[in-house]
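Hi,

Here is the structure I promised to pass on. Have a look at it first, then read my notes below.

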Amino acid sequence: MSIQLLSDLLIDQIAAGEVVDRPAAALKELLENSLDAGARSVQVDLQSGGVKRIKVTDDGEGIARDDLGLALSRHATSKIASLEDLERVASLGFRGEALASIAAISQLTLTSRTADDQHAWRVDAEAGRGLPPEPAAAAQGTAVEVRELYYNTPARRKFLRTENTELAHCVETFTRIALSRPDVAFTLQHNGRTLQRLPVQSFTQRATALLGEEFAAAALALDHGTPGLRLHGLIASPSFNRSARDYQYFFVNGRCVRDRLIAHAVREAFHDVLHHERHPAFVLFFQIDPARVDVNVHPTKSEVRFRESQAVHQFVFHALQNALAQARAGTSAMSLATGPVAAPPLAATDTAAHYPAYAGAGPRQQPMPLSARHPTSLYDAMFAGITAHTLTPTEDGSASPPLGFALAQLSGIYILAQNQAGLVVVDMHAAHERIMYEKLKSALDRAEIPTQVLLIPATLRASRLEIVVVEENAQALRRLGFEMAVLGPEALVVRSVPAPLQDADPIDLARDVLREIGEFGASRVLQEHRDEMLATMACHAAVRANRMLSVPEMNALLREMEATDRSGQCNHGRPTWTQVSLAELDRMFQRGQ
Ligand code: ADP
Ligand code: MG
């Protein structure tokens, strides 16, 4: 076969595979365009989960008649013109490919009117490649109507799920965008029914409308930093927490993103105040100099890359930790309950019963030993075979393995060990997490992760999205070592978990996995996001700080570390152990000088 240039249509269809993998993705692009155009009011009208029709109408600046054709061409954008622009991009769009991509796989009509026009103009993308716009009647702004998505790409159409699934994804997209812009009015209709009507309102009112009054009643306002580096928004006090990670919205310069680094910082900040089976709820806006974050990582722009990731991690962690500490101390906590919200947060009683430390609002509570709920030793299970032949240290340490032999545990966090060079200090949680991660990874490399049937299947209340993910991804879940099934409209059961994680909490673990698959799709989770997925899973098995280990257990962990590739760094890039040499100790004590 000879080499040929692809036709423009085919190029757009290929691009569409990345940008518009489901109706919700098309909706996201259209909504972002409306916001970029300065709209004050946006209407969304869906039919059949968006597959039959997605129509987004706005009152933004509109597109001039002569630009209508250009708006539909690939790599045509009014938003950036140079590499410098790209590096400091402030608009939501900039790649200039969304409309072209959507138009290549649907029947798209673009109608628009600028402030200068006497009437609107309309182009029909399919018929209109090359045809001039026709006059139309409409107010100022733009309406994009997308009909019969994927009608000409049957392979992609086959991947579409039920109307309800696609609708659930569209509602989630709508929620994210609407949360980010309370200064814009939105409505959402599906099959002629109004699902949401949001006037211009305060951020708190918007969050209440979308996330419910219970969330608002428990919400603490947070504002930390300066405009160049600022984190602000609402976090629910720990009394309001979720069994799913669904109320977690994080916006970077106005763009809702999923980011492992941020997720980790949040988890760490809530670590001492929330039982690890529960998830914090928050809507947070992170503002950072656009030059310090790369948004052009993936065509859907739902991922970002921070230039100074450790600094960002620290900043977010401290901002949240401060807010939580102040709330607990009762000093500057500000409950944002709007109006007469009489009922206490639903979860409160439940939480108080489980975690007596939070029953009252008393100041300065001690962090709870969260591992207390798992009194049986993870280590006993993990290292039963190894502990049996743990060596004892020789007098001069000459037979000492690289990480040496354990001496003691320091403050529930560190293992102190002695090797030939001197003192070894190990972060036991980080080390354990790394070991689990490498185990899962090599199991998955070999085929699939071995499964352990649970003696007592775990049932959980599930969101609509979680149910759908289980229905659609049985095979991917099996590869990851899970067996789950739908029990009812709001209930799931976990029957098997990955064997290396059999001591982790199955519900918490399952939720995290479902969340990742729901967000990225099974194939991306198993490919591009594979390592992150495994890291998340490993985190569940890893022993928490504050657990007392016996000396044989500590030695077993050291031996396991030596046998594990890359065990010197935890999954978040921090070291798992460090060496303090005898020479350094001598220097500290000014010995032999
Ligand atoms: P991008 O948003 O990356 O620029 P798109 O393909 O989404 O690329 O849109 C192409 C161009 O069409 C935009 O740059 C903008 O000029 C114009 N456009 C699209 N949607 C709208 C809208 N709702 N209102 C005004 N202009 C729009
Ligand atoms: Mg766009």
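Phe-286 is buried, at a relative accessible area of 1%; buried means under 20%, exposed over 50% and partly exposed in between (1.4 Å probe, protein chains only). Phe-315 is buried as well, at 14%.

Before going on, a word on the source: this is a predicted model, where local features need pLDDT of at least 70, side-chain atom pairs count only at pLDDT 80 or more, and totals for chains, interfaces and linings use all residues. Residues are numbered from 1 along each chain as its sequence is written, chains are lettered from A and ligands numbered from 1 in the order written, and side-chain values use heavy atoms, leaving out hydrogens and water.

Now the rings. Phe, Tyr and Trp rings (six-membered ring for Trp) pair if their centres lie within 6.5 Å; planes under 30 degrees apart are stacked, over 60 edge-to-face, the rest tilted. That gives 7 aromatic pairs. In one of them, Phe-251 and Phe-285 are stacked, with 4.8 Å between centres and 15° between planes. Phe-251 is in strand S11 (residues 248-252) and Phe-285 in strand S13 (residues 282-288), so this pair ties together parts 34 residues apart in sequence. Strands (E, at least two residues) and helices (H or I, at least four) are DSSP runs numbered from the N terminus. Both Phe-251 and Phe-285 are buried.

Phe-286 and Phe-315 have their planes at 45° and centres 5.9 Å apart, so they are tilted.

Cheers
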